[in-house]
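Have a look at the model first, then read on.

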Amino acid sequence: MKTLVNKQIGEYVAEDYRTAAVFSKYGIDFCCRGNRTINEVCTKKGIDQDILLHSLNEVLKNKSGESIDYRSWPLDLLIDYIEKKHHRYVEQTIPVLLQYLDKLRRVHGERHPELFDVYELFSGSAGDLAQHMKKEELVLFPFVKKMVKAQLTGEAIEAPHFGTVGNPIEMMKHEHDNEGVRFREIAKITDNYTPPADACNTYKVAFKMLDEFEKDLHLHIHLENNILFPAATKLEKLFAAEA
């Protein structure tokens with residue numbers, strides 16, 4: 001029991017992504033703040049550790065619907081997956097959601113003034129995520145791929161201009177935290193994306209898309225914070241040890 005309660009949340013989710021649903025049920029951030037232990041979270045939130053651990057074990061012992069083991073993937077494959085699935089999803093979804101949310105605040109803003117806040121928060125996220133993903137695609141990800149190739153071929157790699165891979169990683173994690181804060185606020189002011197009784201179809205679709213966007217972002221950040229970044233840091237240390 002002691003080992004389990006001192007295990008980091010991100011480790012649980014990295015081992016089996018199905019546990020993410022349990023943490024979400026209890027309002028526990030497993031992606032941006034996945035470095036906290038079960039003990040820390042339960043103490044802070046007043047959650048019964050035994051109940052939470054029981055819920056996690058129920059998921060883990062159920063072998064149906066096996067979770068994808070992203071940790072077993074080569075890092076270059078994981079990067080390609082993140083770019084093609086999650087980065088592409090963000091790029092394709094943002095323009096549509098911005099259009100819907102802009103329409104909602106203009107049409108329904110008088111009765112539902114929180115829509116102005118939702119638009120501003122999501123608009124800020126849209127701009128920051130675009131810059132964030134470009135920094136990953138142009139700076140961090142190419143270097144990680146270079147390390148993977150060098151490990152396979154035995155080639156030497158030049159030290160990156162950013163010093164150590166830990167520097168851009170810390171920046172990316174900080175930006176992930178900012179998005180986590182934004183979407184917690186959006187979820188709060190929309191009552192967890194619940195449309196009001198007078199909601200039109202656009203209203204309902206927009207809130208459903210926001211909910212899906214947040215869920216995708218959670219997996220996206222989890223794959224980076226809890227799997228890709230630790231593995232990249234470990235790989236760089238291997239090169240340093242061999243130098």
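Helices here are DSSP runs of H or I with at least four residues, strands are runs of E with at least two, and both are numbered from the N terminus. This is a predicted model, where local features need pLDDT of at least 70 and side-chain atom pairs count only at pLDDT 80 or more, while totals for chains, interfaces and linings use all residues. Residues are numbered from 1 along each chain as its sequence is written, and side-chain values use heavy atoms, with hydrogens and water left out.

**Domains**

- The protein is split into domain 1 (1–61) and domain 2 (70–241), with bounds that come from an automatic or database domain assignment.
- Taken over C-alpha atoms, the centres of domain 1 and domain 2 sit 22 Å apart.
- Where they touch (contact means heavy atoms within 4.5 Å), domain 1 puts in 11 residues and domain 2 puts in 13.

**Largest pocket**

- A pocket is an open set of points on a 1 Å grid over the protein atoms alone, with protein on both sides within 12 Å along at least five of seven lines; a cavity is a set of points where a 1.4 Å probe fits but cannot get out, and lining residues have an atom within 4 Å of a point.
- Grid points are joined across faces, edges and corners, and a volume is the space filled by probe spheres set on the points.
- The largest pocket comes in at about 660 Å³.
- It has 28 lining residues, and S24, G27, I28, E214 and H218 are the closest to its centre.
- Helix 3 (19–25), helix 4 (38–45), helix 8 (166–189) and helix 9 (201–242) each give two or more residues to this lining, and helix 9 gives the most, with 6.
- By class, the lining has 12 nonpolar, 5 polar and 11 charged residues; Ala, Val, Leu, Ile, Met, Phe, Trp, Tyr, Cys and Pro count as nonpolar, Asp, Glu, Lys and Arg as charged, and the others, Gly among them, as polar.
- Domain 1 and domain 2 each bring at least three residues to the lining of the largest pocket.

**Second largest pocket**

- The second largest pocket holds about 500 Å³ of space.
- Its lining has 25 residues, with Q8, N225, N226, I227 and P230 nearest the centre.
- Helix 2 (9–15), helix 8 and helix 9 supply at least two residues each, and the largest share, 7 residues, comes from helix 9.
- This lining divides into 10 nonpolar, 8 polar and 7 charged residues.
- Here, too, at least three lining residues come from each of domain 1 and domain 2.

**Cavity**

- There is 1 cavity of 30 Å³ or more in the structure, and the largest cavity has about 40 Å³ of space.
- L129, H132, E175, H176, E179, L217, H220, I221 and E224 line the largest cavity.
- Helix 7 (114–153), helix 8 and helix 9 each give two or more of these residues, and helix 9 gives the most, with 4.
- The classes in the lining of the largest cavity are 3 nonpolar, 3 polar and 3 charged.

**H86**

- H86 lies in helix 6 (residues 75–108) and counts as buried because its relative accessibility is 0% (buried means under 20% relative accessible area, exposed over 50%, partly exposed in between, with a 1.4 Å probe and protein chains only).
- Its side chain makes a polar contact with the side chain of D216 at 3.0 Å; a polar contact is a pair of N or O atoms within 3.5 Å, where within protein one must be able to donate a hydrogen and the other to accept it, and residues adjacent in sequence count only if both atoms are side-chain atoms.
- Neighbours within four places in sequence aside, H86 is in contact with Y81, D216, L219, H220 and L223.
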